[in-house]
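Welcome! Take a moment to look over the sequence and turn the model around.

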Amino acid sequence: MRKLLFCILVIMVTVACENGHLASPQASGRPYEVLVVMDKADWEAPEGRALFDVLDTDIPGLPQPERSFHISQVAPKDMNRTLSIFRNIIEVNIDPRQFTTTRMKFVRNVYANEQVILRINSQSKEAFIVYVKEHRQDIIDFFTKMEINRLCKNLERKYSKLTYDLVKEIFDCELRAPEELKNYKRGKDFLWTTNNTATGM
């Protein structure tokens with residue numbers, strides 16, 4: 001019995017560790033959800049409103065308005081272990097003592113797997129406002145691309161086998177659709193598939 005328990009413990013430690021470090025947790029948060037790390041006073045001031053206006057845009061091409069991102073804000077002092085594993089984070093740092101220009105850069109998987117952090121550093125509030133307005137589309141495209149990449153990666157291993165088989169049979173091509181799509185209607189050269197729920201359809 002002791003040998004069995006020891007073997008289980010060794011397996012757990014081996015799985016939990018990678019290159020001598022504890023394995024990172026999986027990033028939390030919903031798809032297209034962005035956490036902005038910025039003081040509340042700055043968030044409610046023109047510099048924060050400029051960034052909010054960039055993120056608070058509609059998805060293009062839809063018949064009705066639908067927001068591109070779900071936006072949350074937290075002050076740097078309130079960042080904790082739970083919030084640090086958020087999937088999409090924007091860290092804003094405006095400090096003339098540290099920076100002489102405004103730049104943004106991103107890092108991956110700092111606190112969690114499948115996480116991206118976009119850091120925007122600026123020498124002044126005025127420069128920050130100008131920069132985010134000029135790079136509006138770059139910021140939107142960055143997070144959109146990250147979410148699409150996550151979805152593609154997930155669909156490689158987890159997808160609706162029913163939808164995949166039907167598309168292969170009807171259209172002779174491959175389609176990895178979300179796993180919850182289990183109901184369908186079929187016609188001549190036509191396939192409609194759904195999760196058949198009242199919300200989140």
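## The second largest pocket

How many nonpolar, polar and charged residues are in the lining of the second largest pocket? By class, there are three nonpolar, one polar and three charged residues. You can find them in the model, which is a predicted one, by looking for Pro31, Tyr32, Arg87, Glu147, Arg150, Leu151 and Asn154. The space in this second largest pocket comes to about 230 Å³.

## The largest pocket

Now move to the largest pocket, which holds about 360 Å³ of space. Its lining is made of 15 residues, and those nearest the centre are Tyr32, Ile59, Arg67, Ser68 and Phe69. Helix H6, covering residues 136-157, gives the largest share of this lining, with five residues.

What about the classes here? The lining of the largest pocket splits into five nonpolar, five polar and five charged residues.

## Two helices side by side

Two packed helices are described by the angle between their axes and the distance between the axes.

Which residues make the contact? From H3 come Pro46, Glu47, Ala50, Leu51 and Val54, while H5 brings Lys125, Phe128, Ile129, Val132 and Lys133. Sorted by class, the residues of this contact are seven nonpolar, no polar and three charged.

## How confident is the prediction?

The protein has an average pLDDT of 88, and 88% of the residues score at least 70. Over residues 1-18, however, pLDDT stays under 50, and the model has six contacts beyond four places in sequence for this stretch. Where pLDDT is low, the predicted coordinates should not be read in detail.

Technical notes:
Residues are numbered from 1 along each chain as its sequence is written. This is a predicted model: local features need pLDDT of at least 70, side-chain atom pairs count only at pLDDT 80 or more; totals for chains, interfaces and linings use all residues. Side-chain values use heavy atoms; hydrogens and water are left out. On a 1 Å grid over the protein atoms alone, a cavity is a set of points where a 1.4 Å probe fits but cannot get out, and a pocket is an open set with protein on both sides within 12 Å along at least five of seven lines; lining residues have an atom within 4 Å of a point. Grid points are joined across faces, edges and corners, and a volume is the space filled by probe spheres set on the points. Helices (H or I, at least four residues) and strands (E, at least two) are DSSP runs, numbered from the N terminus. Ala, Val, Leu, Ile, Met, Phe, Trp, Tyr, Cys and Pro count as nonpolar, Asp, Glu, Lys and Arg as charged, and the others, Gly among them, as polar. Contact means heavy atoms within 4.5 Å. pLDDT is the predictor's confidence in each residue, from 0 to 100.
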